[in-house]
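I wanted a quick look at charges, contacts and surface patches, so I opened the model and started a page of notes.

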Amino acid sequence: MGNEQTNSKTGKIGVEANLPISLLYVMLKYVKLGYHYLFSHAIYLLIFLPLWIISPKDLFLQWKQLKFNLVTIVVCSVLMVLLGIFYFITRPRKVYLMDFACFKPKPELMCSKEFFMETSRQADIFTKENLSFQKKILERSGIGQKSYISESLFRMPLNLCISEAIKEAEMVMFGAIDDLFSKTAVKAEDIGILVVNCSLFSPTPSLSAMVVNHYKLRCNILSYNLGGMGCSAGLISIDLAKQLLQVHPNSYALVVTMENMTLNWYIGNNRPMLVTNCLFRMGGAAILLSNKSSDRRHSKYHLIHTVRTHKGANEKSYGCVLQEEDDIKKIGVSLSKDLMAVAGESLKTNITTLGPLVLPVSEQLLFFVTLVASKVLKMKIRPYVPDFKLAIEHFCIHAGGRAVLDELEKNLELSEWHMEPSRMTLHRFGNTSSSSLWYELAYSEAKGRIRRGDRTWQIAFGSGFKCNSAVWRALRTIDPAKEKNPWMEEINDFPVEVPRVAAINN
């Protein structure tokens, strides 16, 4: 009786009144699966159906006609050979990810939330109201008790100077690169392309020059240093390396992605600038790319697509993440209240470009039909959100904060399992800026989730405002027992339950 009343209220068709909700859900699920299966294999039907229709006698007659037309056969053969040569000459070079390494600081730099609040109090900078504000942000951030901060923040009075910032940068960069070289057979002198990104610390000589000097890289190396590009700069670096590998054959590219805390710890009382103090933590990653076909069997992933979206032409987008001075000339990064709305618009533009590249034809057709119905026919229907889970097995979403992850989980209709790498990275390491995507991929590897042929989508947001994507295909199944990454010693402790509000005990 209760089911019948519910159905009458919701206005559902009569057959549903006689079916349990779970059974109806299963039926609809299999209808959709059948639909996708039909369209996914339509190309094979179009190719092989004519072969069933044409009889052996018809094929024999066609062959008999060609035997007496030698010129046609020769011309067609030459044309096919020329087209094949043209294709192999002009096709893009494949880019392989041989391996990557994430920096894990020493335990002495671990920062609990209680220690963070005590450090903020001892700094004797923040008002009582702003200390309470930071505590409130931290309790709701999704960050746990074992993230890391720079060594300069452990000493009082604070010594936030350039020498300490350089010390932090060298520790993170060289730590990640050393781990990477130890995991591969590639030597430092083999590197032909170097891309380093750090948004808020740009010393002279540059960070890329520090790497060249420390590892004595060759004098004709193509080195690039990217700054001011926010948390999405890591994927911009990957895209830049990819473009360079298209025009420089038989090359290795080293990408180093990080952020620097020392000189970017805000020491004022402007609330929009205090949020970054609460969320950002120390971390970095190094990635080794190759365009050598011989390296395919030694590599983990093949880079399939990179898509970059820049909304900087819009004033609201441009100003939503802004480094500036406060009223007393203290420098900080201000986060606008429009940030989530701007991120949503950037994501929408990005996936509109990425969708046709990765989604099955069935999803593209549904999206196109609903778009025509709403825009052309002016029908009042809900816009269709493509199901990226049909094309992507693993999602690495920039761990910028709990609100960012919640919004993307809802918009992309992802499950807790899909969000687990991002949420656990935020909980364990905090927001490590552009390198967070690699801690997330390392988590999936440590859990033994990556299988040969699996596709991984990395999504990152950054100031400007930018939304960037990279899609990778696994070339082999990753065996966690053979992996060395920051998660391995403690992976069995995850996932953990992250409360909406985690009270700080002081």
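Below are my entries, grouped by topic.

**Ground rules**

I am working from a predicted model, where local features need pLDDT of at least 70, side-chain atom pairs count only at pLDDT 80 or more, and totals for chains, interfaces and linings use all residues. Residues are numbered from 1 along each chain as its sequence is written, and side-chain values use heavy atoms, with hydrogens and water left out.

**Salt bridges**

I looked up the total, and the structure holds 19 salt bridges. The term means a side-chain nitrogen of Lys or Arg within 4 Å of a carboxyl oxygen of Asp or Glu. Side chains of opposite charge can pair when their charged atoms come close.

- Arg140 bridges to Glu139, with 3.8 Å between the closest N and O atoms. Arg140 is partly exposed at 38% relative accessibility, while Glu139 is buried at 13%. For these labels, buried means under 20% relative accessible area, exposed means over 50%, and partly exposed is in between (1.4 Å probe, protein chains only).
- Arg155 pairs with Glu151, and their closest N and O atoms are 3.8 Å apart. Arg155 comes out partly exposed at 30%, and Glu151 is partly exposed at 25%.
- Glu325 and Lys329 meet at 4.0 Å, N to O. Glu325 is partly exposed with 44% relative accessible area, whereas Lys329 counts as exposed at 58%.

**The network**

Which residues are linked in a network of salt bridges? I found Asp99, Lys183, Lys300, Glu445 and Glu483.

Glu445 sits in helix H17 (residues 436-446). Helices here are DSSP runs (H or I, at least four residues), strands are runs of E (at least two), and both are numbered from the N terminus. Glu445 counts as buried because its relative accessible area is 1%. The Glu445 side chain also has a polar contact of 2.7 Å with the side chain of Tyr301. I take a polar contact as a pair of N or O atoms within 3.5 Å; within protein, one must be able to donate a hydrogen and the other to accept it, and residues adjacent in sequence count only if both atoms are side-chain atoms.

Glu483 is in the segment after strand S13 (466-474). Glu483 is buried too, at 14% relative accessibility. The Glu483 side chain makes a polar contact of 2.7 Å with the side chain of Lys300.

**Surface patches**

Patches are built from residues with over 30% relative accessible area and no salt bridge; like charges are joined within 9 Å, and nonpolar side chains (Val, Leu, Ile, Met, Phe, Trp, Tyr) within 5 Å.

I found Arg91, Lys94, Arg296, Arg452 and Arg473 gathered in a patch of positive charge on the surface. Lys and Arg count as positive and Asp and Glu as negative, while His and the chain ends are not counted. The place of a charge is NZ of Lys, CZ of Arg, CG of Asp or CD of Glu. Arg296 is in the loop between strand S7 (284-290) and strand S8 (301-310), and Arg296 is partly exposed at 39%.

I also noted a nonpolar surface patch of about 430 Å², made by Val74, Val78, Val81, Leu82 and Ile85. Areas come from the Shrake-Rupley method with a 1.4 Å probe; for residues, only the protein chains shown count as cover. Leu82 lies in helix H5 (residues 70-90) and is exposed at 51%.

**A buried threonine**

Is Thr425 buried or exposed? Thr425 is buried, with a relative accessible area of 0%, and it lies in helix H16 (residues 416-429). Thr425 and Ile143 are 282 residues apart along the chain, with their C-alpha atoms separated by 8.7 Å.
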